[in-house]
Structure formats: structure tokens, C-alpha cells
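The following account leads the reader through a structure with attention to its chains, their interface and selected side chains. The sequence and coordinates are shown first.

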Amino acid sequence: MKWRKEDLEKYVQAKEYIDTILLPIIPFQLADDAESEKHAFQQEVMGIFGSEIEQELSGRVMLIPSYYYLKEGNKEVEVQRLNDWIAEAKDQPFQHIILLTFDATWKKYEKELDGNLLWLPGLHGADIRTKETQGIIRDQVKQLTEIIRSYWQ
Amino acid sequence: MSEEKKQQVSRRQFLNYTLMGVGGFMAAGLLISPVRMAIDPVLKSGEGGGLANVGIAVDEITNEPTRIDWSVDQVDGWYESQVSRSAWVFKDENDEIVAFSPVCKHLGCVVSWEGSEKYPNEFFCPCHDGRYYKNGVNVPGTPPLTPLDEYEMEIKDGMLFLGDPKPHREA
Ligand code: FES
């Protein structure tokens, strides 16, 4: 399910079946030109990952609005805010909260986060329109859905 | 004095009327838009129209269901986008080609052929253990209540073309 009216109507009817939140966390900054190009691209790719995973598992997974943070911002503060988001979801109750990221700096904070962090290696310099990249993305999506299924076991 | 008062009132009335007028326009807008949605072809969700070549030759299709992925351009409301589609394609016992939509009829996850080791020879939905027999019919007692949808299909020059998913022939 996605965060849109149509899907929420379905969600409210079938809450007991939808127990997993997918939350993409995406860095943002404007200071460094080369870097912002990279971040914008990651944001696009993350959008594809989010919606592809959602499509595979839409009957049990809710893809919620992405969380954006300043790349060089204070991670301690972000961890706190993220945990607030997670607490909001867990109250519902969602059992599994999955944070999707390309940003490896989160690895250091993994233990402090109340959800499962899934870190993906970025696709550098790739072109999302090529068949080749689409194939890579499909493969990775397959692996990610496997990982999410393993949380359900 | 009274002259001025009259004028003031009428100015206020004038304002009132205009404001009501704006409200009226907005209400009319709300009323009109559903009608517009119904008649304006651009705002209607795209039917996808024709069938798409999904890149598999008929002789490549076996009795073993294989997942095929392709994409189609779709105009849906405001967005024109490429949507990805998938199908499970195989030849049934009468050597007829079937293409099932992988979208689970329970809540819409994607099912896989033999997706669980526990249930060989069936389609399996990973989300709530929904199951379907090879002919697409849902296994009673599992969450889905209807069989998998089937794609419209056509064979041109030995290639498989698929259109939109339609209810299963037995549904
Ligand atoms: S979505 Fe397939 S069993 Fe629930």
C-alpha cells in the first residue's frame, strides 16, 4: 500500500493483514554541487526501489512518505525524530518497521534505531533508463523482498 | 449622513455578494470536476489500448510457469508513466498458452510459482500464505477468494502479446 487515499481506504478495512512499514530515509543538501547531483540521483533510485518493493508486497507492506534529513546534520537529533516516527507506527500496531537507505553513515546508529535498517549499495553513475540498470534494480528488489520476508518468519 | 450610511451598507452588501459569488464559483468547480473527469479523456485512466510484445517467443514457452516482466506507458489521472507489469506464462495440459496476472486476489502482493517449498506445483503468495493451483484457481481455506486474473493475449509472428488482466475464465 502507498500513502494515498485509495490505499488507505483498503488499509483501514484490512489493518490486521498490513503489519509492515517501509520508510525510505533520504539525505538532502545543496552546498556541494557534485554531491547534490549524487543525492538527487539516489533520491530517484530510492523512489523506484520503494515503489517496486511495495508492488511486490503491497498486501502486507505500507510505503509511507520518505524521511528527509540534512546530510551533514546532527544524526543524534535525527535518530530521535526517526524513533518518534517509528513509535507512531508501532502504536498502530505495525510489527515491522523497515528503514531503507543508501547512506552508510546510518550503520553507526543502527543499534539506537527502533526499526530494521536496510542499507543498499548505491548505483553510481548508472542510467536508470537502460535495460541493464533496470535488470540490476530488479535483482536487488528481489533480494530485498527476500530479506523482508525473512523478518516475517 | 443618512446618504453616506446607505452607501456604506450597499458597499458591504456589494462585498457580500461578491464573496458569495466567489464561493459559488468554487462550489460550481467542485460540482463540475467529477463531470469533467468523466468526459475529459486526458483525465481518464488509460486503458493501455493495444497489446504489448512482452519479448517471448511462443516456442520458448514450456509447461513450467515462467515470470515475464515488461512495461507499458500509462496515462493515469495527472501522471503519464511507465508502469511495470508481470505475468506467469506457461502452456497448460491442452497445450494452450496461459498468462496469469501475479497479483494476489487477497490484498495484491505478487505471487510466485512454487514460491514455498511446502506447496509444490502451486502459486504461492508470500504475504499471508495465499495459494492457487496451477490452473489459477485459489486453494480453499487460504486468504484469496477468487482465482488469479488472466491477461488478454494474442500471438503475432510467433511472439506473445499481452494486454490487460481480465477475470479468470472460471470466475
Ligand atoms: S495478499 Fe496474498 S494472501 Fe494476502
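Predicted model: local features only at pLDDT ≥ 70, side-chain atom pairs only at ≥ 80, totals over all residues.

A salt bridge is a side-chain nitrogen of Lys or Arg within 4 Å of a carboxyl oxygen of Asp or Glu. Residues are numbered from 1 along each chain as its sequence is written, chains are lettered from A and ligands numbered from 1 in the order in which they are written, and side-chain values use heavy atoms, with hydrogens and water left out.

The pair crosses between chains: Arg67(B) belongs to strand β2 (residues 66-76) of chain B, and Glu56(A) to helix α2 (residues 33-56) of chain A. Helices (H or I, at least four residues) and strands (E, at least two) are DSSP runs, numbered from the N terminus. Relative accessible area describes the setting of each residue: buried means under 20%, exposed over 50%, and partly exposed in between, with a 1.4 Å probe and protein chains only. By this scale Glu56(A) is buried at 17%, whereas Arg67(B) is partly exposed at 30%. A network of salt bridges links Glu56(A), Arg67(B) and Asp69(B).

The interface as a whole can now be described. Its size is often given as the accessible area lost when the parts come together. Buried area is accordingly the accessible area (1.4 Å probe) that two parts lose on being put together, summed over both. For chain B and chain A this amounts to about 1,200 Å², of which carbon and sulfur atoms give 49%. On the chain B side, Ser84(B), Leu107(B) and Pro126(B) lose the most area to chain A, together 40% of what that side buries. With contact meaning heavy atoms within 4.5 Å, 13 residues from chain B and 13 residues from chain A take part.

Chain B contains 1 helix and 9 strands, and its elements run α-β-β-β-β-β-β-β-β-β from the N terminus on. Of its 171 residues, 37% count as buried. Among its contacts between residues at least 6 apart in sequence, 43% join residues at least 24 apart.

Within chain B, Arg85(B) forms a salt bridge with Asp164(B), the closest N and O atoms being 3.1 Å apart. Arg85(B) lies in strand β3 (residues 79-91) and Asp164(B) in strand β9, so the pair ties together parts that are 79 residues apart in sequence. Both partners count as buried, Arg85(B) at 16% and Asp164(B) at 17%. A further salt bridge joins Glu154(B) and Lys156(B) at 3.8 Å, N to O. Here Glu154(B) is partly exposed at 35%, and Lys156(B) is partly exposed at 39%.

In chain A, Leu113(A) occupies the loop between β4 (96-101) and β5 (116-119). Leu113(A) is buried, with 6% relative accessibility. Apart from neighbours within four places in sequence, Leu113(A) is in contact with Val79(A), Leu82(A), Asn83(A), Leu99(A) and Trp106(A). By comparison, Tyr68(A) in strand β3 (residues 67-70) of chain A is partly exposed at 43%.
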